Amino acid sequence: MPHPQSNRHTCLSESSTCHPHDPIPQEPISIPRHSRSSAIEPSSDSASSKSSEYTSGSDYESPGTPATDPQLDEAIDQQKDDKTFVVPPTTPRKRRASTLLISQTPEDVRRILLPERGAETKEIEKVCCGGGCCFLKTLEEDPATKSGSPVVIPDNDAFRSLCLRIGPLSLDSELTNLVDLPAETVLFEKLLTDASPVQSTVQKHPPKFVTPHPPYEVYSAKVHHARELTKPGAEKRTYHYDLDVTDYPAESGNVDFVVGGAVGIQAPNSDDLVDEIFDLLSVPGYARDKEVMMKTSTGRWPTIWDDDKPRELVTTRRELLTWCSDVQSYPPTKPLLRLLAEYATAPNEKKILLYLSSAQGQAAFCDLRTGPHITIAQLLNAFPSSYPPLAHLLSILNTLMPRFYSLSQDPQSSCTREGTNCRRLIEIAVTVHETPNWRGGPRTGVGSGFLERIAQKVQEAENEGIKATDLDLRVPMFRGLMANPLAREFVTDGPMLLIGAGVGVAPFRGFVQRRLKSANCANKVWVLQGVRDSLLDELYSGEWGVEEEKVKKVVQSRRGEGRYVQEEVRHQADLVWFIINALDGRVFVCGSSQGMGEGVERALVDVAMDKGNLRREEAEEFWIRKKDDGQYIAATMTVHSRRHGIHEACDVALA
C-alpha cells in the first residue's frame, strides 16, 4: 500500500533551463521500488567521508529545549510488516513538541535526582554538572548553632537573581570537601624599560599573540555593507554582512574560500562589559591600558591554539579582558567560586561562596549551573566584597574562542566594482540570540552581539547618508572550516536536495548560485526552506539566482497551512527517493539537530520505508549507509547550553 500522503504528492517545479524531455524534473513515480537487500547497499563509491555534526552555540547559549518549531505528531504507525500502514484519521491531529522536555528548572532536576529513586553519580553526570551527587552530603540543621550566627543574605538584585537555596547554613556550619584554591598561572610585571607608546588597536583588532589559525594571524576584514534580513516583528533578528577579503594573505596549499565553507570570527567582549568588570575589581583607570609584562606558567592561553608552554608577552589588561577571556558564555565553576570566596571580606558572602564550593552545597551549586544564565559580572555584583586580583581571575577563566559562520554565497563569483578595480567579498548571515540578563534587559551572545553592534552602526550611518565603507568598521576573521561537511560533500553534478530552517539555509544559497551557473540538467537542485512567517523571516527572498521560485519551496509554520519542513519532506517523498538513489545524488540538512534536524531525520526514514519497501530498522540502516557514502549530509547543530554557544548558524551555524 502506498504512503498515505503520496496521493497528495506534488513535486517542486522544474527549471526552464532543462530539456523538456528530461525525466528528472518530473514526478518520478515510475521508479521501481528497491528490494530490501539492494536498498541498503552503498549507492556510490565516489564519496567516502562521513558527515559530521556541528556543536555549538549563540553563540547558541541556551540549555534545555531550544526555541524550535513543534512538528506534526505522526499518526502513521509503521508495523513490522513493511507493506502495511495504519491510515491516520482525517480530523486535525494534535501537535506536540519535537523534543522530550524532562527538566526546565532546578526543581525539575532535583526531582529527577532524588536519592530514593536510586540515582547514582554515574547516572546523573549526563544531566547534572558532574562532580558528585547533588544529595551526597546534605547540610543538616544543627540545634547547637540554630540560635548562633545565621548567614545574612546579601541584599542586592544580582544575588537575588541567582535564586540560591542555602538551607540551614550558618557561619558556624562545618563544610567538607572544599575544592582547592586554583593556582595562579598568570603574573603581571612592570616593564623594565619604558617602551615607545604604540597605537592601540584593542577596539578593532586582537593582539598578534591571539592565534586561532596558526601560523597565520587574524585578518582585519573591512565591512563593505550590513543589513537586516528579517522584518520588524520577527521572533529573531538575522543580519547579512559583506566582508572585503580582497587582500586576504595567501596560504600554503593554494587554500581558498569555497562554497559551503565557514569563516571564523574572533569577536571581542563588549567595551561596556569590560569596563564594568574593571570597576567591580577596582582596577584603576590608568592601569587598564598601560603596557605590562605578562608571564604565564603553563597552558595555551592567551593564544587559543598555540603550544602548551610558559609565555612572556607585552600586553595590556584591557587587551586580555577584551580578546582573550570569555566572561559570559560559561556557567560558574567551583574553582571560580572558591577564588571569589578567598578574596571576599564579608563573612556572610565568604560562607555562601565556600558553601557552594563544598560537598554540602552540591545541590545549590547544581541549581546555580542549571538555572538562569550567569556571568562573571553578575557574580561580582552579587558578592560585592570579593575583589580577586585580575591576574588570578584570568588564570581560571575560559579562553574566548572564535565563532564560526557559514558562507551564504558562492565566494568565487562575489565582487563589487570600484572603478576599474574589483573588490572581493564574502557574505555571511548571523542570527542574534537573546536571553534575559539579571537586570531585566536583553543579553546577546558574544559573536552575534558584536556583529549586531556593527550592523546597527551601518544602519545609523546610512540613515544619515554615510556609506558603510566610509566608517572603516572591521571584523577580525580567518579562513576557517573550508573542509566542513557542507563544503566537502558539495558536487557539481547530480541532483541535490537542500533542506534547512531559519539561518540554516544560508549556506544553501551559495550551493544554488553555483549550480545554476550550468544549464546542464544533471545539475538540478531543489531547496526546502522552513520559516515561521515568510512575510517576516524568510531569508534572502529573491536573492537565490535565476528563477528562484522554480527551485525553492518555502514552508511556513505560522501562516497558511502551518506546515513544517519535515512534513514537506514526506510530501516530497518521490523527489527525495529519486535524488538519494541517483548517481552523485545528495541530500543536505542544515539547522538545529533538536527539533528540525530530528524531525527531518524521522521523515527521511519514513520515506525510505515507503518508497524502498523497508522495515524501520532497514530504513535507518539505509540512511546510515548514505551518510557513510557522503550522499546524506546532516550538518546540524547541537545546542548544549545557553552558555556554550561557540557556533552560530548551521554554520557552523559552526549561539
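**Cores, salt bridges and a pocket in a predicted model**

The largest nonpolar core holds 59 residues. Leu162, Phe188 and Ile352 have the most contacts inside this core. A nonpolar core is a set of buried Ala, Val, Leu, Ile, Met, Phe, Trp, Tyr and Cys residues joined through side-chain atoms within 4.5 Å. Buried means under 20% relative accessible area, exposed over 50%, and partly exposed in between (1.4 Å probe, protein chains only). A second, separate core has 33 residues, including Ala226, Phe404, Val432 and Ala468.

The structure is a predicted model, in which local features need pLDDT of at least 70 and side-chain atom pairs count only at pLDDT 80 or more, while totals for chains, interfaces and linings use all residues. Residues are numbered from 1 along each chain as its sequence is written, and side-chain values use heavy atoms, with hydrogens and water left out.

Leu162 lies in the loop between helix 5 (157-161) and strand 4 (186-189). Helices (H or I, at least four residues) and strands (E, at least two) are DSSP runs, numbered from the N terminus. With a relative accessible area of 3%, Leu162 is buried. Its contacts (heavy atoms within 4.5 Å) are Leu368, Ile374, Gln378, Leu379, Ala382 and Phe383, leaving aside residues up to four places away in sequence. Leu162 and Gln378 are 216 residues apart in sequence, yet their C-alpha atoms are 8.8 Å apart in space.

Side chains of opposite charge can pair when their charged atoms come close. The whole structure contains 36 salt bridges. A salt bridge is a side-chain nitrogen of Lys or Arg within 4 Å of a carboxyl oxygen of Asp or Glu. One of them joins Glu251 to Arg479 (3.3 Å, N to O). Glu251 lies in the loop between strand 6 (237-244) and strand 7 (262-265), and Arg479 in strand 15 (residues 474-479), so the pair ties together parts 228 residues apart in sequence. Both Glu251 and Arg479 are buried.

Asp326 and Arg403 form another salt bridge, with the closest N and O atoms 3.6 Å apart. This pair links distant parts of the chain, 77 residues apart: Asp326 is in the loop between helix 8 and helix 9 (334-342), Arg403 in strand 10 (residues 403-406). Asp326 and Arg403 are both buried.

In the salt bridge between Arg559 and Asp533, the closest N and O atoms are 3.3 Å apart. Arg559 is in the loop between strand 18 (552-556) and helix 19 (565-571). Asp533 is in the loop between strand 17 (525-531) and helix 17 (534-537), and the two residues are 26 residues apart. Arg559 is partly exposed, at 36% relative accessibility, whereas Asp533 is buried, at 14% relative accessible area. Elsewhere, a network of salt bridges links Asp275, Asp279, Arg288, Asp289 and Arg318.

The second largest pocket has a volume of about 980 Å³. On a 1 Å grid over the protein atoms alone, a pocket is an open set of points with protein on both sides within 12 Å along at least five of seven lines, and lining residues have an atom within 4 Å of a point. Of the 39 lining residues, Asn269, Ser270, Asp271, Asp272 and Arg453 are the closest to the pocket centre. Helix 14 gives the largest share of the lining, eight residues. The lining divides into 13 nonpolar, 13 polar and 13 charged residues.

Key
On a 1 Å grid over the protein atoms alone, a cavity is a set of points where a 1.4 Å probe fits but cannot get out, and a pocket is an open set with protein on both sides within 12 Å along at least five of seven lines; lining residues have an atom within 4 Å of a point. Grid points are joined across faces, edges and corners, and a volume is the space filled by probe spheres set on the points. Ala, Val, Leu, Ile, Met, Phe, Trp, Tyr, Cys and Pro count as nonpolar, Asp, Glu, Lys and Arg as charged, and the others, Gly among them, as polar.
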